[in-house]
Amino acid sequence: MSEPVLRWRAERRGKGRAVEAVLARHGLLRRPYAVATGTAFGDGFAARLGAALLELGPGFAAFGRYLGSRPDLLDAASALELLALPDRGAAAPPEIVRALLAVELGRPPEQVFAHWDEAPREVRFLVQTHGARLAGGEAVLVRFARPGVLVEVERALPELPRLGAAFAAAEQADFPLPAAIDDFRAAVDRALDFAAEADDLAALARETAAGSPLVVPRPHRALSTSALLVVDDLAVQAVTAGEEAEGGGDEARRLCLAWLHQALRGTVFPVEPEGGRLLRLPQRKLAFAGGPFARLAVTAQNDLWAYLLAAADHDPDAAGSHLLREMVRLEGADEEQLRLRMRQAVPFRDGAWSAAGDTLAEQLFVDWRFARESGFRPRPALVPFFRGLFAVAAAARALAPGRDALREAVEELRLITTVDRVQQGLEPDNLVPNLERYAALMLQLPQKLDDVLTRAAEGGAVERRPAERPQPQRMPGVALALLLAVGAVLILAGYPQRAGDGIAPFLAVVALGSIGLWLATRRAGTD
């Protein structure tokens with residue numbers, strides 16, 4: 001055997017022993033390794049694992065943060081522990097930064113920017129960010145991969161499988177560590193593809209209406225490359241603590257609604273909306289200010305929206321059916337076991353971040369982990385959705401710990417979706433051909449409104465159970481009043497004018513709704 005191969009093997013053995021020694025020092029191995037005197041660690045597995053990963057270096061710590069974004073792999077409380085690991089790296093010296101920018105821009109940064117901040121604005125493990133100003137005075141951010149980061153990742157990747165001993169010692173021998181390592185490497189590649197991030201920001205901006213609460217930073221394409229991204233600096237507009245104070249619950253709900261709307265009705269959504277990538281702006285606006293972003297196929301959006309609605313309606317059987325459409329069945333997968341566990345799930349017992357464990361987010365995270373433990377794996381496109389929803393739910397929890405902000409956002413999006421369908425039915429080209437379907441929709445609308453108001457009054461905290469068949473409604477007067485109110489809202493919102501028929505669509509609302517209610521009343525009277 002050649003000498004270089006022998007040296008390589010000796011080096012690998014040395015690294016392996018070093019990893020095992022750190023894991024043992026934090027009480028993560030069953031073998032009789034000596035624990036360093038005076039070493040203190042928390043009681044929980046996630047706390048000890050996080051401390052060990054920090055000691056092992058930035059590549060290991062970055063993998064720990066990635067695991068912390070996967071509530072389908074860990075219980076929610078453990079995921080939060082790992083997600084709290086610091087996301088930081090060593091800043092590159094100014095001369096290296098200037099050389100890197102000169103290669104990407106084709107000239108030194110001082111010839112491109114009227115002002116350049118040599119001190120970095122932010123240094124994450126993967127990305128380094130500097131502030132600058134263009135010749136026209138616009139404030140911009142310049143992002144690039146932190147020099148040397150890929151070397152650190154490549155050094156850590158071969159040693160990450162050794163963490164399997166720690167999961168085995170914690171009685172998690174079935175933890176899918178190899179798949180998680182592969183997903184981590186793919187996530188690193190996505191996060192460092194700045195050309196794709198520029199495309200995603202542009203797509204997000206195109207979908208943001210003039211009156212939307214969402215603000216998107218503009219990418220400067222002429223200055224951006226696959227390794228460099230220049231975008232507007234929205235931080236100069238950000239609201240500081242104490243400014244434009246509002247209830248944390250309202251802000252948390254708006255955050256969840258904006259993210260859900262983009263993930264399930266848009267084309268791109270942010271995967272890591274936290275820290276400096278999530279900004280509060282004046283006039284109650286929010287900004288998803290940075291990547292990485294992801295996309296879902298329309299079929300996946302429909303399945304996930306149906307899954308969220310079923311989960312919010314406490315219908316575990318329907319929720320399981322929709323969720324499994326976006327999962328991959330592994331060998332030995334047990335669908336019946338999953339359905340049974342979802343019916344019997346109690347989040348505060350099965351792994352949540354609160355003592356009550358009664359929020360919609362906590363229920364979803366338990367579902368995802370149960371699916372993994374029952375032999376199902378999310379499709380690759382589903383993993384960013386899991387990560388993004390977890391990040392948003394964690395941010396909403398920090399803003400309003402006592403509110404079920406995700407449930408409130410789902411109910412609001414449900415109502416928005418229903419009203420949008422009504423608006424589409426009011427369009428002249430759609431109204432006549434779809435009279436029957438439209439009348440049925442109008443008949444359902446009062447009940448949907450009543451459901452939303454009831455859930456809001458009750459706080460959404462009820463025992464999860466299979467959905468019961470709804471009973472016939474015998475309140476035509478209340479329902480008609482709701483129909484009239486909806487018609488008035490449509491007029492005030494300008495829907496008739498946009499439809500081009502003046503008051504006619506409103507009269508159609510009342511007429512069709514009244515016919516539907518009359519038929520429903522007659523049917524109820526014969527029951």
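Which residues of H9 are buried? Before selecting them, note that this is a predicted model, in which local features need pLDDT of at least 70, side-chain atom pairs count only at pLDDT 80 or more, and totals for chains, interfaces and linings use all residues. Residues are numbered from 1 along each chain as its sequence is written, and side-chain values use heavy atoms, with hydrogens and water left out.

Select helix H9, residues 194-207 (helices are DSSP runs of H or I with at least four residues, numbered from the N terminus). Its buried residues (under 20% relative accessible area with a 1.4 Å probe, protein chains only) are Phe-194, Glu-197, Ala-198, Asp-200, Leu-201, Ala-202, Ala-203 and Leu-204. At 1.5 Å a residue, the 14 residues of H9 should span 20 Å, which agrees with the 20 Å between its end C-alpha atoms (the expected span is 1.5 Å times one less than the number of residues).

Next, select H3 (residues 58-68) with H8 (residues 177-191), whose axes lie 10 Å apart at an angle of about 105° (axes are lines fitted to C-alpha atoms over the stretch in contact, and angles run from 0 to 180 degrees between N-to-C directions). The two helices are therefore roughly perpendicular (65 to 115 degrees). Their contact (heavy atoms within 4.5 Å) includes Phe-63 and Tyr-66 of H3 and Ile-181 and Phe-184 of H8.

Finally, select H11 (residues 298-312) and H15 (residues 360-373), whose axes come within 10 Å and cross at roughly 115°. Here Tyr-307, Leu-308, Ala-311 and Ala-312 of H11 meet Leu-360, Leu-364, Asp-367 and Trp-368 of H15.

Key. Angles under 35 degrees count as roughly parallel, over 145 as roughly antiparallel, 65 to 115 as roughly perpendicular and the rest as oblique. Buried means under 20% relative accessible area, exposed over 50%, partly exposed in between (1.4 Å probe, protein chains only).
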